[in-house]
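The exercises below are meant to be worked through with the structure in view.

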Amino acid sequence: MRDKQKQGSARTKQRIMDAIVHIFLTILSIIWLFPVFWIVLLSFREQKGQYIKTFWPEKFTFANYQKLFFETDIFNFPRWFGNTLLISVFSCLITTFFVLAVSYGMSRLRFKLRKPFLNIALVLGMFPGFFSMVAVYYILKALGLTEGPKIYLALIMAYSGTAGLGFYISKGFFDTIPKALDEAGMIDGATKWQIFTKITIPLSKPIVVYTLLGAFMGPWLDFVFAKVIVGPSQEYYTVAVGLYTMLTKENIINWYAPFAAGAVCISIPISALFLYLQRFYAEGMSGAVKG
Amino acid sequence: MSGNKDYKLTWGVVPVRTALSAGDIYTKLTTIIMGCGNFARKQWIQGLLFLAVELTFIYYMITIGVQSLIDFSTLGTKIGGEQFNEAKGVFEYTQGDNSMLLLLGGVVTIFVILAFVVVWRAAIRSAYYAQERVEEGKQPVTFQKTITDLFDKNLHKGLLFLPIMGIVTFMILPLLFMILIAFTNYDRDHIPPGNLFDWVGFQNFSRILSASGDLAATFWPILGWTIVWAFFATFLNYVLGMILAIIINRKGTKFKQMWRFIFALTIAIPQFVSLLVVNTMIQEHGVFNLMLEQLFGAGPVPFLTNVTVARITVIVINLWIGIPFTIIQITGILQNIPTELYEAADIDGAGPATTFFKITLPYMLFVTTPYLIQTFIGNINNFNVIFLLTGGAPAASNYYKGTAGKTDLLITWLYKLTIDNKDYSIGSVIGILVFIIMATGSLIAYRSTGSYKNEEGFL
C-alpha cells in the first residue's frame with residue numbers, strides 16, 4: 001500500500017517535471033524563432049523604413065519582393081544572385097578537389113614532408129582569418145584582377161586558394177577506411193591515383209557531399225572578403241555584400257523591407273542546404289565503416 | 001657505394017649532399033647548368049625543362065629581381081608629385097616610388113628565389129638518379145614515366161602541388177607581407193603612391209606594448225574585453241547548451257527531433273542575415289524597445305549606447321547564436337556516456353545536480369576539450385557577431401583616434417584600422433599579437449588537457 005502510494009507520488013512528480021520541461025522548451029523555441037519570424041513578417045510589411053510603430057504590420061504586401069527583383073536600377077539583386085551562384089559553383093569545385101587531395105595525401109600517402117606540413121597547417125590556422133586579407137587584395141590587384149569581370153576570378157581564387165588547409169574532417173574520415181582495401185587494389189595492379197579515385201572516393205560519399213556543399217555555401221555566407229576585394233563596383237557584388245549595403249545609413253529607409261525580402265529568398269535555400277548537410281556531417285563523423 | 005643508398009630505406013629522397021659527393025662530373029655540373037646531368041643520360045625533356053627554369057630565373061633576376069631586392073631594403077626614395085619643368089615651362093607629374101608595391105615585389109622575389117632553390121635541388125637529385133640507374137645497368141627514367149609516377153609513386157607531389165601553391169600564394173605570401181608591414185610606418189600619413197613609407201623597426205610594437213605608448217590605452221582595454229568576451233561566449237554557450245541538450249535528451253521529453261530542428265534552424269540562416277536583423281531589432285527605436293514600451297510601458301533600453309548594457313547584450317545574443325551549435329555538437333557525445341555510470345549514481349542516491357557535476361560535466365570536458373579550445377580561439381576572432389551586431393558601438397572617444405568602440409574586439413579593431421583608417425602598420429602589429437596570444441594559449445591548453453596526455457580514454 002505504502003509502496004504504491006510512493007510510486008504514485010513519484011509519477012506525479014515526474015509528470016510535473018515533464019510539463020515544466022515542455023513549457024520551458026516551448027518558451028525557448030519562441031525566443032529562438034522570434035527573429036526568424038520577424039524577418040518574414042518584415043518582408044511583407046507595407047510600411048517603409050526601420051522604425052516601425054506597431055508590431056503587427058498594418059497591411060501586408062508583395063511589393064517588397066517586386067521591388068527587390070524588378071527595380072534593378074539601384075540595387076540589382078538578381079545580378080548579385082547570379083554573381084554569387086557563378087562564384088560559388090567554381091570555387092566549390094576547386095575547393096573540393098583541394099580538400100580531398102590534401103586529405104588523402106595526409107591520410108594515406110607517406111612522404112618526407114608530411115609531418116612538417118601538418119605542423120605548418122596548425123600554425124597557419126592560428127593567424128586571424130583576414131589578417132592577410134588586405135595583402136591578398138594587393139596581390140590580386142597586382143595581378144590585375146580587381147577590375148571588371150576579372151573580379152569573378154579574383155573572388156574564386158580568394159575563396160578556394162587556401163582550401164587545402166581545411167583537410168581535418170575529411171582526413172579523419174579517410175583514416176577510418178580500412179587500409180586492406182587499398183592493399184587489395186594494389187595487388188590487382190591499381191596505381192595510387194586509381195586507388196584514390198576508384199576506391200576511396202566512392203566510399204566517401206558523405207564527406208564528398210559535405211565538402212561540396214560546405215564550399216558551395218561559403219560565398220553566400222561570407223561578406224568580409226567579398227567586401228574588401230570587390231570594392232565599390234556594385235555590379236560585381238555578391239548577395240551578402242549587396243544586402244549589407246541595403247542597410248547602410250543612406251539606404252536603410254527605402255531598402256529595409258526589400259532587404260528582409262532578400263534575406264528570406266537567400267535563407268530558404270541556404271537553410272535547406274544546411275539542414276541537408278547536417279545529415280552528411282553526422283554520417284561522415286561516424287566513419288566509413290559502420291560498427 | 002652501398003652506404004650512399006641508405007636513403008632508400010627511409011623516404012627514397014636522396015640528400016643533395018650525398019648526390020653531390022657521389023655524383024659524377026655531369027651530376028656535379030648540374031649545380032651550375034641545370035639539366036646537364038639529364039642531358040648526359042639522354043633525358044632530353046627533363047633536361048630542357050630544368051634548363052628553361054634556370055634561364056627564366058636568371059632572366060627574372062637580371063631584369064626585375066635584383067632591383068626589387070634593393071628596393072625592398074630602401075622601400076623607395078623618390079616621392080611623386082608635380083614638378084616645374086623649366087625647359088618646357090609646364091608642371092609635370094612625376095611618378096614616385098610606390099613603397100607598397102616595392103615591398104610586395106621584394107617578398108615575391110624572395111619566394112621566387114626559394115622556389116628556384118627547390119627546383120635546383122630537384123635537378124641535382126634527378127641527375128643523380130639518372131646516373132645511378134645507368135650505373136646499375138638500367139635505362140634512365142623516361143619523361144613519360146616521370147609523369148605517370150606523379151599518379152602513382154609520387155602521387156603526393158601530383159596531388160599536393162596545386163593546393164600547396166594556393167596556400168603559398170594566398171596565405172603564406174600575404175602573411176609574410178603583413179608581418180613585414182608591422183615593421184614599417186605604413187599608415188594614413190604614408191599612403192603610396194604619393195608618399196613613401198619606410199622601415200621603422202620595433203617602433204610600432206613599443207607604441208602598443210609600452211606603458212607610455214600612444215596606443216597602449218586602447219590596446220589593453222580592448223584585449224581585456226576580448227578575453228572577457230571569449231570567456232563568456234565560450235563557457236556560457238557550452239554549459240547552457242549542454243544543459244539544454246540534456247533536457248532534450250532526457251527520457252520524459254517528447255518531440256526530441258522537433259526541438260533539435262528548431263534550434264538547428266537558427267544556425268541554418270546565414271549569420272549575416274540574422275545578425276543584421278537582430279542589429280535593427282536592438283536599435284533605440286527597434287522592435288525590442290517597441291515591445292517593451294507597448295507591453296510593459298518600460299523606457300527604451302540603451303542596448304547600443306550604454307557600455308555595460310551593450311556588452312551584456314552581445315554576450316546574450318551570442319547565446320542565441322552559439323547554443324544551437326553546442327547542442328548539435330554535444331548531442332552525439334551525450335548519448336555515448338556509459339549508462340552504467342548513471343545507474344551507479346542513481347543507486348547511490350545522487351540527484352540530477354550531482355550527476356551533472358560529477359559525471360556529465362567531467363566526461364564532456366574530457367571529450368570536448370579540444371573543441372572548447374577551438375571555440376575559444378574562434379571567439380577571440382569572432383568578427384561576424386561584433387561587426388554585424390554592434391559595429392563596435394558604443395563609440396569610445398578615449399580610444400586611439402576614435403578607431404574603436406567599446407564592444408570592439410581586437411579583430412574588429414584590426415579591420416577598422418586597416419580597411420577604414422588605413423593604419424596598416426598598427427593593424428599588422430595587432431594581428432601578430434593576436435596570433436602570439438592564441439598560439440601560446442592554445443599550446444598551453446592542449447598540453448595540459450587530459451585528452452592530450454592520455455589518449456586512451458576517460459575511465
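**Exercise 1.** Is K153(B) buried or exposed, and what is its relative accessible area?

Solution. Bear in mind from the outset that this is a predicted model. The relative accessible area of K153(B) is 55%, and since a residue counts as exposed over 50%, K153(B) is exposed.

As a next step, consider its partner: the side chains of K153(B) and D149(B) meet in a salt bridge, with 3.9 Å from N to O. D149(B), with a relative accessibility of 9%, counts as buried, because the limit for that class is under 20%. Finally, the pair belongs to a network of salt bridges in which K145(B), D149(B) and K153(B) are linked.

**Exercise 2.** Describe the salt bridge between R41(B) and D24(B), and state where each residue sits and how accessible it is.

Solution. Start with the distance: the closest N and O atoms of R41(B) and D24(B) are 2.9 Å apart. The pair links distant parts of the chain, 17 residues apart, with R41(B) in the loop between α4 (36–40) and α5 (44–74) of chain B and D24(B) in the loop between α2 (16–22) and α3 (25–29) of chain B. Turning to accessibility, R41(B) counts as buried at 11%, whereas D24(B) counts as partly exposed at 24%.

**Exercise 3.** Describe the interface of chain B and chain A by its area, its residues and its polar contacts.

Solution. The size of an interface is often given as the accessible area lost when the parts come together. Between chain B and chain A the buried area is about 7,600 Å², of which carbon and sulfur atoms give 83%. The contact takes 85 residues from chain B and 81 residues from chain A, and the rule finds 8 residue pairs in polar contact across this interface, both residues being at pLDDT 80 or more. On the side of chain B that touches chain A, helix α8 (residues 155–181) of chain B gives the largest share, 19 residues. The residues of that side of chain B divide into 63 nonpolar, 18 polar and 4 charged.

**Exercise 4.** Describe how the two domains of chain A meet.

Solution. Chain A is divided into domain 1 (2–43) and domain 2 (64–285), and their contact takes 5 residues from domain 1 and 8 residues from domain 2. The area buried between these domains of chain A is about 480 Å², with 68% given by carbon and sulfur atoms. Of the area that domain 1 of chain A buries against domain 2 of chain A, I39(A), L42(A) and S43(A) supply 90%, more than any other three residues. Between the two domains of chain A, the count of salt bridges is 0, while 2 residue pairs are in polar contact, both residues being at pLDDT 80 or more. The touching side of domain 1 of chain A divides into 4 nonpolar residues, 1 polar and no charged.

Key: Residues numbered from 1 in each chain as written. Chains lettered and ligands numbered in written order. Predicted model: local features only at pLDDT ≥ 70, side-chain atom pairs only at ≥ 80, totals over all residues. Heavy atoms only, no water. Domains from an automatic or database assignment. Contact = heavy atoms within 4.5 Å. Buried area = accessible area lost by both parts, 1.4 Å probe. Salt bridge = Lys/Arg side-chain N within 4 Å of Asp/Glu carboxyl O. Polar contact = N/O pair within 3.5 Å; in protein donor to acceptor, adjacent residues only side chain to side chain. Nonpolar A, V, L, I, M, F, W, Y, C, P; charged D, E, K, R; others polar. Helix = DSSP H or I, 4+ residues; strand = E, 2+ residues; numbered from the N terminus. Buried < 20%, exposed > 50% of the residue type's maximum accessible area, 1.4 Å probe, protein only.
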